[in-house]
Amino acid sequence: MNPVSEPITIRAHNLICLQGFEGKGYSPEFIELMDRIHRYLSNNRGARVIVTNRPDNFCHSCPHLDGETCMGMPSHSRSEIGDLPDSATLMDNRVFEILEITPEAVYVWGEILNKIEQNLLPVHMDYICGTCEWRESSHCERTFRLGG
Ligand code: SF4
């Protein structure tokens with residue numbers, strides 16, 4: 001990661017997951033990467049981020065990724081996922097909608113934080129996260145202003 005010129009590509013739902021990250025994840029590589037990016041962004045509100053709905057580096061360090069598809073436990077029903085490749089993509093698309101983010105556009109990290117602060121409401125947790133396995137064991141409720 002070049003901290004000056006290279007934007008970091010992050011899939012949309014991981015923008016939200018990063019907020020509640022507390023050292024847990026799908027593999028040691030995944031956790032190490034989340035920790036590194038989390039610390040970097042926390043200290044660099046001016047960092048540039050490309051927001052996507054495709055697998056990002058977090059996904060590529062996750063054992064559930066098969067090609068371009070997340071084979072992990074779906075967080076949403078089959079009918080909600082519809083023709084999309086997986087539940088992760090549905091989550092991404094819902095984050096685009098709620099945060100009013102343009103797919104593949106470059107944002108400054110501080111802009112993303114402002115959008116989360118201004119747009120994300122408690123009611124959006126079920127809509128975006130569904131039955132995500134990390135709901136109970138992370139700080140994600142705080143991101144949606146549901147907890148402490
Ligand atoms: S509950 Fe799951 S999908 Fe929602 S922010 Fe937390 S880790 Fe991400």
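Me: What makes A88 count as buried in this predicted model?
Reply: A residue is called buried if 20 or more other C-beta atoms lie within 10 Å of its own. A88 has 29 C-beta neighbours inside 10 Å, so A88 counts as buried.

Me: Where is A88 found, and what does A88 touch?
Reply: A88 is found in helix α5. Leaving out residues up to four places away in sequence, A88 touches H13 and C70.

Me: Which element holds F58, and which residues is F58 in contact with?
Reply: F58 lies in helix α3, residues 57-60. Leaving aside neighbours within four places in sequence, F58 is in contact with N14, F30, L33 and M34. The C-alpha atoms of F58 and I37 are 9.7 Å from each other, and these two residues are 21 residues apart along the chain.

Me: Why are α1 and α5 called roughly perpendicular?
Reply: Two packed helices are described by the angle between their axes and the distance between the axes. α1 and helix α5 (residues 87-99) pack at an angle of about 85°, and their axes are 6 Å apart. Angles of 65 to 115 degrees count as roughly perpendicular. The helices α1 and α5 are therefore roughly perpendicular to each other.

Me: Which residues make the contact between α1 and α5?
Reply: From α1 they are A12, H13, L15 and I16, and from α5 they are A88, M91, D92, V95 and F96. By class, the contact of α1 with α5 has seven nonpolar, one polar and one charged residues.

Me: What makes α1 mostly covered?
Reply: Six of the eight residues of α1 are buried. The buried residues are A12, H13, N14, L15, I16 and C17.

Me: Which residues are around the ligand, and which helix gives the most to that shell?
Reply: The residues around the ligand are H13, I16, C17, G20, M91, C129, C132, W134, R135, S138 and C140. Helix α1 (residues 12-19) gives the most, with three residues. By class, the shell has seven nonpolar, three polar and one charged residues.

Me: How do you know that β1 and β2 pair, and in which sense?
Reply: Two strands pair if there are at least two bridges between them. Strand β1 (residues 8-11) and β2 have four bridges, in the parallel sense. I8 stands opposite V49 in β2.

Me: How many bridges join β2 to β5, and in which sense do these strands run?
Reply: Three bridges join β2 to strand β5 (residues 106-108), and the two run antiparallel. Here I50 stands opposite V106 in β5.

Me: What is the order of the strands in the sheet, and what kind of pairing does the sheet have?
Reply: The three strands form an open sheet in the order β1-β2-β5, and the pairing is mixed. β1 and β5 are the edge strands, as each pairs on one side only. On average, neighbouring strands of this sheet are turned by 40° against each other, direction ignored.

Me: What alternates along β2?
Reply: The side chains of strand β2 (residues 48-52) alternate.

Me: Which strands do α1 and α6 lie across?
Reply: α1 lies across β1 and β2 and runs at about 95° to β1. Helix α6 (residues 109-119) lies across β2 and β5 and runs at about 80° to β5.

Me: Where does E100 lie, and what is its phi?
Reply: E100 lies in the loop between α5 and β5. E100 has a positive phi of about 55° although E100 is not a glycine.

Me: Where does E104 lie, and what is its phi?
Reply: E104 lies in the loop between α5 and β5. E104 is not a glycine either, yet has a positive phi of about 70°.

Definitions and conventions. Residues numbered from 1 in each chain as written. Near = placed C-beta within 6 Å. Nonpolar A, V, L, I, M, F, W, Y, C, P; charged D, E, K, R; others polar. Axes fitted to C-alpha atoms, helices over the stretch in contact; angles between N-to-C directions. Parallel < 35°, antiparallel > 145°, perpendicular 65-115°, else oblique. Contact = placed C-beta atoms within 7 Å. Buried ≥ 20, exposed ≤ 12 C-beta atoms within 10 Å, placed from the backbone.
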